[in-house]
Structure formats: C-alpha cells, structure tokens
Amino acid sequence: MSEELPTGPKESPPAPRAAPREVWKKGGRLLSVLLAVNVLLLACTLISGGAFNKVAVYDTDVFALLTTMMLLAVLWILFYLLRTVRCPDTDAVPYRDAHAGPIWLRGGLVLFGICTLVMDVFKTGYYSSSFECQSAIKILYPLTQAVFVIVQTYFLCISAKDCVHSHLDLTRCGLMFTLTTNLAIWMATVVDESVHQAHSLGSPHGNTSHTRLALESERAGGPVGEDCSCNTDVCQIFQQGYFYLYPFNIEYSLFASTMLYVMWKNVGRLMASSTRGHSHAPSLLSLFRETFFAGPILGLMLFVVGLAVFIIYEVQVSGERSHTQQALVMYYSFNIVCLGLMTLVSLSGSVIYRFDRRAMDHRKNPTRSLDMALLVGAALGQYAISYYSIVAAVAGTPRELLAGLSLAHALLMIAQHTFQNVFIIESLHRVPPGAEPHGTPPKEPCHGLTFANLDTLHTLPACPPTPRLVGPSPAGPQGAVSITLAPRGHWKYRCLKDISLFLLLCNIILWIMPAFGARPHFSNTVEVDFYGYSLWAAIVNICLPFGIFYRMHAVSSLLEVYMLS
C-alpha cells in the first residue's frame, strides 16, 4: 500500500548568496599600492644603478631580482587559477566586466607574448654560447621569463574580466605585485635597449664609456671581470636577434600592466547584473561592408610607402654624409605628410561627432578611464621631444633644410597627438549605434523624442526607428546613460569607420619606424649640436619609449572605436 505524499507548492531553490560588501575598499587598495611602490622603487634603484660602470651594482644583481619577482608572480597566478578556475567558488567571481579585456587587447597580448618567447630563445642561445664565463642567473633569467610569459598570458586571457569577491586584500596585493613585476621588466628592457642604442649611435661622440648594461663584454661575468666577447657568427645572430625583438617585450609588459590594473580596479566591484554571457560580435566581412573603403585604401598606401621609406632610411643613414642627408629629408617628408593627413582626418571625425545625435555614456567603466589616462599620459613623452626640437630648430643656428623639416615635424606631431586623442576619447564615450538599454526593449521607438520613463514607450504608436532614449540607472544621475538608436549603415558611421581604419594603419607604421631602430633624433644634428649629445640622448631615451607605447595603445583604442562605430 503506497502512502500518498502531501501535495503543495514546491519550494524554490535558494537564491545564490550575494557577495559580501567590502567594509573599506580604500584600505585594501592602499595596502597593495604601498607594496607595489616599495617593490618598484627597489627594482628601479637596482636597474638604474646597473646601467653604469662606476656603480657597484652588476647586471647579475638585476637579473636575480627580476627572476625572483617573476617566480613569486607565477606562484601567485597559479594560486589564483587553482582557486577560481580549477576549484571554482560560487562567491569568488560573481560578476564579470564586459568592457575589460577586449578581444583585440588579448590578441595583441598573445602576439607580443609569442615574440617575447622568441626573444627569450635568442637570449638563452646568446648566453649559452659562452656559458663557461657567464653567471648561471643570466641563463636562468630568460627561461624564467618564458615561463612567466606563458602563465601570465593564459591567466589574463581567461581572467581579465573577473570581478573577484573573495580574499580581497590578498588578490589586490597579488595583482599589484604582478603589475609591478611587468613594470620592472619594462624598465630593465628600456634601459638595456637605450644603452645599446646609445652605444651604437654615439660611439663617435665618445660619451658612452660609462654605460655597460647592454655591453656584455665588460664585466659580463659579474665581479670576476672575465672576458665574454661575442666573436662567433651564431653568437652575433643571437645578440642582434634579441635586440630587434626588444620592442615586442616592451609592448607585452605594458599591455599586461594595463589589463592587470583593470583587474585590480574590479576587485570587490558590485555591478547591476552579471555579464557572464558572450556577446556575438559582427563578422569582419560585415564590418568592412559598412565602410566607404577610402580610409582602408589610403591607410594601406601610406603603410606600404612608410615601409619602403623606413627600409631606405635604415640602409642609407649609416652610409656617407650625403646619403644620410637624403635619408633624413625623405624620412621627415613622409612623416610630415602622414601626420598632416592624420590631423585633418581626426578633425573631420570630431566635426562628424558635432552632428551625431548619440549622447555620451557616463557609466562607470575602469577600462575606458584607463584608456584615456594612458593616451594622455603616453602622449607627454612625444610632446616633450617635440618641444625640445622646436626650441632647438628656432633658436639654433645656422638655418638649414633639416632644421625646417624638424620644426614642421615637431609642430605636426603635437597637433596630431592632440586631435587624435580628442577623437578617440569622444568616440569611446559614445554609445554604439543600434545599442539598446538593459531591460525590455521598446516595441515601437519614436524619432526625435526623449523619454525619462522607459514604460512610456510601450504606450506610443509606431514611429520612425531612430529615437533618443534616456534611461534611468540605479546608480543615480551620475550613472545615467543616453542611447540613440540608429542604423549602422548611416553615412556618418561609415565615415567614422573609414577614419578609424585610416588612423589605425597610420599609427601602426609610425610605431614600426621608431620601434625597430629609426632614430632621426641622433642622425639629425640640429638637436645634438644645440643640447649636446649627453642631454639629448637622455631626453630621447626617456621619452621615446612612451611615444612608442602611445602608438600601440592608440591602435588598440582605434580598433575599439572601429568596432563600436
């Protein structure tokens, strides 16, 4: 005889437990920042001291510190992955930031990571070719960096969007320490490349006898002072190879630092809704169909011409004085034309936005805030070089063609950076065309009308399909978002796509030239004669890496502008 069970309403499953709100977020951030500042200052002290022969800090000391930092960062990353991926906790990552770690940023990170791995192979081969007189740490360092790059790239690709809500202080300290490790590697690479560049370009001036970070033949074995000169052909190939790959290592460290900073800002962040789902981005073919093709074609033409100019410049600049003069005139002429077109195109994009009915998106977005800060901050390096060049060209004597070209190049560089930043920042604040607010979409939108209450739209008759919609936000007036619905095929958005593609291709070629060794700042004697080689070399070696990073970061930002237009 079966006993009938009582019937009644079924109990609903328990709702997922909300993440506990942090009592004092600033305290955890302050702790992690203080840790990062102290570690970074220690690394900066050893790296800067290791660049000079008269300071009793050896490059082996720098390698030992960086190796230790990378091993500690790898251990923390593995702990994080085991805690959130292998053994996921339901409350560890309750939210994911849809704006963090876009696909083009992760793609660039993977590309530069692969090139960094190739550089580590060349470094290992270079140091191993004379392992009898080399310190063991010099061979261990590139191997450790290869492991660090692999683990960190995997970590950032799968966890860049995480908003962690467990072990908050430990997570913040771990992220900030990993960020500091990348900045220390970046500083060491920049110093090494700068000293190598100064040695190769400044040997006629006789001012580089005090530098030795990149000159492995001097004190290469540390205090012992053994001679480890690179005489074989294989050793020369390895040495030249890893110096050419330094720009990729620099960009990798900066890309990783930006992604880690966004993760650090997102620790403990509470969002209105979880964004675990994956958005379906339109295909590249459909995106290219929405352009007029003028921007891509003109950009490709300048890219090809720029590559030819760069190759000819590199071949002729090391030859006779007359050939160097021709190479510099050709180099400056191309850059003046390219920068002038980029300035006009950026202005055109800003003018188009004056007639665009889409309003600004003022919602909190750490990724976008970081992009703007990096664009403005990195541009300061090129601003500094340009203003020094302007003073030297105007006040220096005698008047000659190269001085005029240098002056025009510096003025256009300032204008191009300024107007391009204005265009990119305004583009990143615009709501994408065709976007809809969270919640129930309107049934029949109305053209030219503004609503503060979304429910009002459902009571209205059919109207044209391009309204301006203002939706309330739980965050209050500061978090309000204004959205204009408009078809993607509109001529304004086609022009914006062409503009972003043109600027993207131009920034790529303007990144390639200085990143792979084009240094007209030293070949052109206008600034060298005015400031002296030592001061001018210090200015260029400090500021130029920021200019190189600006170009690469502008490429990623313009790609986002292209996707959102």
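Phe516 is partly exposed, because its relative accessible area of 21% falls between the limits for buried (under 20%) and exposed (over 50%), found with a 1.4 Å probe on protein chains only. The model is a predicted one, in which local features need pLDDT of at least 70 and side-chain atom pairs count only at pLDDT 80 or more, while totals for chains, interfaces and linings use all residues. Residues are numbered from 1 along each chain as its sequence is written, and side-chain values use heavy atoms, with hydrogens and water left out.

The structure holds 23 aromatic pairs, where rings of Phe, Tyr and Trp (its six-membered ring) pair if their centres lie within 6.5 Å, and planes under 30 degrees apart count as stacked, over 60 as edge-to-face and the rest as tilted. One of these pairs joins Trp186 and Phe546, whose centres are 5.7 Å apart and whose planes meet at 70°, so the pair is edge-to-face. This pair links distant parts of the chain, since Trp186 lies in helix H5 (residues 168-202) and Phe546 in helix H16 (residues 533-564), 360 residues apart; helices are DSSP runs (H or I, at least four residues), numbered from the N terminus. Trp186 counts as buried at 13% relative accessibility, whereas Phe546, at 34%, counts as partly exposed.

Phe516 itself forms an edge-to-face pair with Phe248, with 5.4 Å from centre to centre and 65° between the planes. Here too distant parts of the chain are linked, with Phe248 in helix H7 (residues 246-266) and Phe516 in the loop between helix H13 (491-515) and helix H14 (520-523), 268 residues apart.

Definitions and conventions:
Helices (H or I, at least four residues) and strands (E, at least two) are DSSP runs, numbered from the N terminus.
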